[in-house]
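Here are a few friendly notes to read alongside the model. Take them one at a time, and find each residue in the viewer as you go.

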Amino acid sequence: MKYYELNNTLIIEDADCFNIEEILECGQCFRFEKLGELEYKIIAYGKVLYIKQEGNKVEMYPCSESEYESIWKNYFDMDRDYNEIKEKVSENDEIMKKATEYAGGIRILNQEPYECLMSFIISQNNNIPRIKGIISRMAEKYGKKAGDDHLFPTLEEIKCASEEDLFSLRMGFRAKYIRDCIDKLLSGEVNLGEIDEMSTEELLKMLLKIKGVGQKVADCTMLFSMGRREVFPTDVWVKRVMEHLYFRGEDTNIKDIHAFAKEKWGELAGYAQQYLFYYARSLKIGTDKEKKQ
């Protein structure tokens, strides 16, 4: 993709397989605000970024060419060939072919592992507006100010927050899980600095040490911030969708769904999950309110 800087704005004129709405609204991140049609504000990696898209033209502000190359290019996974991924996951699969055609602009973000982990702990049994509200309150209380916004608090900034302090942010039962996560990160029992040397199985085992972190939260964290594209996060919604689309509507064990995803999509299972999630949620597939294309 060709890009250049103009007046502190990074401009991409031929963005391929890129739709900012599909990327942000597919459940993989929470620190964004919709400002208009294909126009968003994103807070990530200690930066506030405004992004606007018209067709294949994408503008990011404020953003220099060097900042794009050091942060946002990797954040949006711009060096990966998504046409090839879509072709591979939809091979001999009409269901996936429809999903990739419906939301062909999805890209899996490379988020900061610490923030992603904390965010998905907060996401448990929660809806997106409430998740975003809790994270925003946590940032306002403990994070640094950045213009009119606040950055996600660092471990150093939030390390003294008690369970009661966290509960006051209206995060409910998740407060004790966030406190346990902070404690395990501080003690080194969970060491995010070692993730690149760990296998996915070892990484999963480490993340499960945190109270309240189960398979789904761990899988989301590994997929969206640790480069483990083979994992297939499965909550109640994804389970229902998979049963509807691939298991003739029959109740299916999550382990069997994972085994199916691993055999069918292998190292690309995480991409398949995102295409299916967005497609099914948008068309309400697997519900009694299914929309027609």
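Predicted model: local features only at pLDDT ≥ 70, side-chain atom pairs only at ≥ 80, totals over all residues.

1. Let's begin with how elements are named. Helices, which need at least four residues, and strands, which need at least two, are DSSP runs numbered from the N terminus.

2. Together with E13, D16 and D81, D14 forms a patch of negative charge on the surface. Is D14 buried, partly exposed or exposed? Its relative accessibility is 33%, so D14 counts as partly exposed, because that class covers values between 20% and 50%.

3. Next, look at the aromatic rings. A pair of aromatic rings is described by the distance of the centres and the angle of the planes. In this model, the count comes to 19 aromatic pairs. One of them joins Y82 and Y271: the ring centres are 5.7 Å apart and the planes stand at 85°, so this pair is edge-to-face. The cut-off behind that word is an angle over 60 degrees.

4. Where do the two partners sit in the chain? Y82 belongs to helix α3 (residues 82-89) and Y271 to helix α14 (residues 269-283), so the pair ties together parts that are 189 residues apart in sequence. Y82 is buried, with a relative accessible area of 1%, and Y271 is buried too, at 3%. Elsewhere, ring pairs link F18, Y45, W72, Y75 and F76 into a cluster.

5. Now for charges that pair up. Side chains of opposite charge can pair when their charged atoms come close. Searching the whole structure gives 19 salt bridges. Among them is the one between K144 and E157, whose closest N and O atoms are 2.6 Å apart. This pair links distant parts of the chain, 13 residues apart: K144 is in the loop between α6 (128-142) and β7 (145-146), while E157 is in helix α7 (residues 155-158). E157 counts as partly exposed, with 24% relative accessibility.

6. Here are two further salt bridges to find. E156 pairs with K159, the closest N and O atoms being 2.9 Å apart. E156 counts as exposed at 55% relative accessibility, whereas K159 counts as partly exposed at 30%. The side chains of R248 and E250 also meet in a salt bridge, at 3.6 Å from N to O. R248 is exposed, with a relative accessible area of 69%, and E250 is partly exposed at 42%. Salt bridges that share partners also join E33, K41 and D149 into one network.

7. The surface has a nonpolar patch as well. Which residues make this patch of about 280 Å²? They are L35, Y50 and Y61. Y50 lies in strand β5 (residues 47-54) and counts as partly exposed, with a relative accessibility of 35%.

8. Last, please look at R31. Its place is in the loop between α1 and β3 (32-36). Is R31 buried or exposed? R31 is buried, with a relative accessible area of 13%; the cut-off for that word is under 20%.

Technical notes
Residues numbered from 1 in each chain as written. Heavy atoms only, no water. Patch = residues over 30% accessible without salt bridge, like charges linked within 9 Å, V, L, I, M, F, W, Y side chains within 5 Å. Areas by Shrake-Rupley, 256 points an atom, 1.4 Å probe, with all protein chains shown as cover. Salt bridge = Lys/Arg side-chain N within 4 Å of Asp/Glu carboxyl O. Lys, Arg positive; Asp, Glu negative; His and termini not counted. Charge placed at Lys NZ, Arg CZ, Asp CG, Glu CD. Buried < 20%, exposed > 50% of the residue type's maximum accessible area, 1.4 Å probe, protein only. Phe/Tyr/Trp six-rings, centres within 6.5 Å; stacked < 30°, edge-to-face > 60°.
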